[in-house]
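Biologist: I would like to go through this fold feature by feature. Please give the general idea each time, then the case at hand.

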Amino acid sequence: MDADDLDYLEKRALSYSPQDSKQQRPQPRQHHSEALFGISLYGVIILCFLLFAGLFFYGIVHGFWHLCSHYSAHSAAAATTRGSQLMHIKDRTFVISGGASGLGLATVRDLHAQGGYIATLDLNAENGNKVVSELGDRTAFFEVDVSSPPSVSSAVSALVAWTKQTSKPIGGVIPAAGVGFPGKLIDRHNEPIPLENLELVLNINLRGVLDLIRLCLPHMTTTTPTEPDGERGVIIMVSSSAAFDGQPGQVAYAASKGAVRSMTLVLARDLAQYGIRAVSIAPSYFESGMTAAMSQKVRKSLEGVFEFPRRPGKGEDFARMVRQCVENPMLNGECIRLDGATRMPSRL
Ligand SMILES: NC(=O)c1ccc[n+]([C@@H]2O[C@H](COP(=O)([O-])OP(=O)(O)OC[C@H]3O[C@@H](n4cnc5c(N)ncnc54)[C@H](O)[C@@H]3O)[C@@H](O)[C@H]2O)c1
């Protein structure tokens with residue numbers, strides 16, 4: 001007899017009553033069914049535990065995966081944003097003088113195709129309005145004579161009002177309006193060149209460039225800088241191979257283009273504190289309204305001095321360079337020759 005049996009008999013004796021005589025001690029069969037019941041209960045509990053544990057781990061793994069994919073998507077989005085901020089063209093306004101023809105027009109088309117807003121400035125209203133009808137949205141034309149300070153001032157006021165309407169800040173100024181107007185300081189009759197001829201070239205190619213930049217700057221320095229460098233914009237001026245190897249009769253032109261070349265580094269230094277860069281491009285012979293006016297003979301002899309490629313530059317070649325100047329933040333303070341290694345000779 002074991003301790004359980006003794007305990008049982010003891011309890012039974014203490015609580016004895018006549019009816020109890022009929023009661024029987026629980027049979028071993030009952031013990032067996034209780035055990036079975038216990039086992040199945042434990043089984044259910046273990047199963048439930050396993051199920052919950054499975055669900056719990058699934059939840060953790062799924063949550064972790066979700067977190068990872070969310071993080072990588074977020075990083076990709078951030079990288080795209082950083083990339084788009086580096087682009088500097090989309091949704092920013094570019095002020096382009098001389099934008100109704102030649103190199104200026106090619107630049108207008110290219111920056112517009114990249115999503116930029118273009119304020120086209122030119123003396124030629126007919127061509128300027130054609131540009132707007134051709135490109136449609138995101139362009140506006142402002143008639144200007146860059147050699148006239150009041151004209152430049154009112155054109156800048158009008159284009160700034162336009163940027164307020166569109167909410168697209170000025171991201172770049174490209175003063176491309178320019179004229180050739182050749183002439184030696186003294187002619188074959190020993191007559192000095194009329195001063196107005198020199199002034200015409202200098203006022204358009206040099207003073208007009210400075211004036212337009214000067215009046216646009218206060219509207220650039222106050223824009224929100226873009227990451228990662230805190231850049232606000234870029235000034236891209238048009239110099240010329242005449243700034244390096246000017247040809248006979250190009251004295252005023254070379255003076256103006258040489259000045260543009262010289263002031264590039266100074267502007268870059270002066271504007272660095274505002275996050276504004278300054279570059280200039282010095283093309284050689286490019287197809288444009290200006291060079292179309294040259295005689296067939298002069299054009300042919302110019303083509304004879306090309307190294308490679310053996311062709312005049314095209315507007316698209318120039319515009320591609322402008323785009324690179326806008327997009328590449330390390331281009332600053334430099335006058336970039338765009339000439340296929342061509343060096344203009346003294347005589348053609
Ligand atoms: N084409 C070339 O081979 C070449 C080479 C070197 C530099 N550049 C320079 O490139 C720039 C663009 O010249 P392009 O070759 O395209 O000539 P282009 O004649 O085709 O275009 C010049 C534009 O400037 C405009 N313009 C002229 N005077 C103006 C004024 N006072 N106010 C406002 N607009 C005025 C004209 O109406 C014209 O639309 C110029 O600065 C030029 O000196 C041209």
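Modeller: Labels come first: helices (H or I, at least four residues) and strands (E, at least two) are DSSP runs, numbered from the N terminus. The model is predicted.

Biologist: What is the phi of Ser 167?

Modeller: Most residues other than glycine have a negative phi. Ser 167 is not a glycine, yet its phi is positive, about 60°.

Biologist: Which residues does a cis peptide bond join?

Modeller: Most peptide bonds are trans. Glu 227 and Pro 228 are joined by a cis bond with omega of about 5°, and Pro 228 sits in the loop between H6 and E5. Another cis bond links Phe 308 to Pro 309, with omega of about -5°. Pro 309 belongs to the loop between helix H10 (296-303) and H11.

Biologist: Now the sheet. What is the order of the strands?

Modeller: Strands of a sheet pair through backbone hydrogen bonds, either parallel or antiparallel. Here 7 strands form an open sheet with parallel pairing, in the order E3-E2-E1-E4-E5-E6-E7. Strand E3 (139-143) and strand E7 (335-338) are at the edges with a single partner strand each, so one side of each has no neighbour in the sheet. On average, with direction ignored, neighbouring strands are turned by 20° against each other.

Biologist: How many bridges join E1 to E2?

Modeller: Strand E1 (residues 93-97) and strand E2 (residues 117-122) run parallel and are joined by 5 bridges.

Biologist: Which strands does H6 lie across?

Modeller: H6 lies across E1, strand E4 (170-175), strand E5 (233-238) and strand E6 (276-283). Its direction is at about 175° to E4.

Biologist: At what angle do H6 and H8 pack?

Modeller: Two packed helices are described by the angle between their axes and the distance between the axes. For helix H6 (residues 195-220) and helix H8 (residues 251-271), the angle is about 15° and the axes are 9 Å apart. Angles under 35 degrees count as roughly parallel, and H6 and H8 are therefore roughly parallel to each other. The crossing of H6 past H8 is right-handed. Among the residues that meet are Leu 198, Val 201 and Leu 202 in H6, and Tyr 253, Ala 255 and Ala 259 in H8. By class, the residues of the H6 contact with H8 are 10 nonpolar, 3 polar and 1 charged.

Biologist: How do the axes of H5 and H6 cross?

Modeller: The axes of H5 and H6 cross at roughly 35° and come within 10 Å. H5 passes H6 in a right-handed crossing. H5 contributes Pro 149, Val 152, Ser 153, Val 156 and Val 160 to the contact, and H6 contributes Gly 208, Asp 211, Leu 212, Leu 215, Cys 216 and His 219. Of these residues, 7 are nonpolar, 3 polar and 1 charged.

Biologist: Are H3 and H11 roughly parallel or oblique to each other?

Modeller: H3 and helix H11 (residues 315-327) pack at about 55°, with axes 8 Å apart. They are therefore oblique to each other. Their crossing is right-handed. The contact includes Leu 103, Ala 106 and Arg 109 of H3 and Phe 318, Ala 319 and Val 322 of H11. In the contact of H3 with H11, 7 residues are nonpolar, 3 polar and 4 charged.

Biologist: Last, the ligand. Which residues come nearest?

Modeller: There are 28 residues around the ligand, and the nearest are Gly 98, Gly 102, Gly 178, Ser 288 and Gly 289. Helix H3 (102-113) and helix H9 (289-292) each supply at least two residues of the shell. By class, that shell has 14 nonpolar, 12 polar and 2 charged residues.

Methods
Residues are numbered from 1 along each chain as its sequence is written. This is a predicted model: local features need pLDDT of at least 70, side-chain atom pairs count only at pLDDT 80 or more; totals for chains, interfaces and linings use all residues. Axes are lines fitted to C-alpha atoms, for helices over the stretch in contact, and angles run from 0 to 180 degrees between N-to-C directions. Angles under 35 degrees count as roughly parallel, over 145 as roughly antiparallel, 65 to 115 as roughly perpendicular and the rest as oblique. A crossing is left-handed if the near helix is turned anticlockwise from the far one by less than a right angle, and right-handed if clockwise. Two residues are in contact if their C-beta atoms, placed from the backbone, lie within 7 Å. Ala, Val, Leu, Ile, Met, Phe, Trp, Tyr, Cys and Pro count as nonpolar, Asp, Glu, Lys and Arg as charged, and the others, Gly among them, as polar. A residue is near a molecule or strand if its C-beta atom, placed from the backbone, lies within 6 Å of it. Two strands pair if DSSP finds at least two bridges between them.
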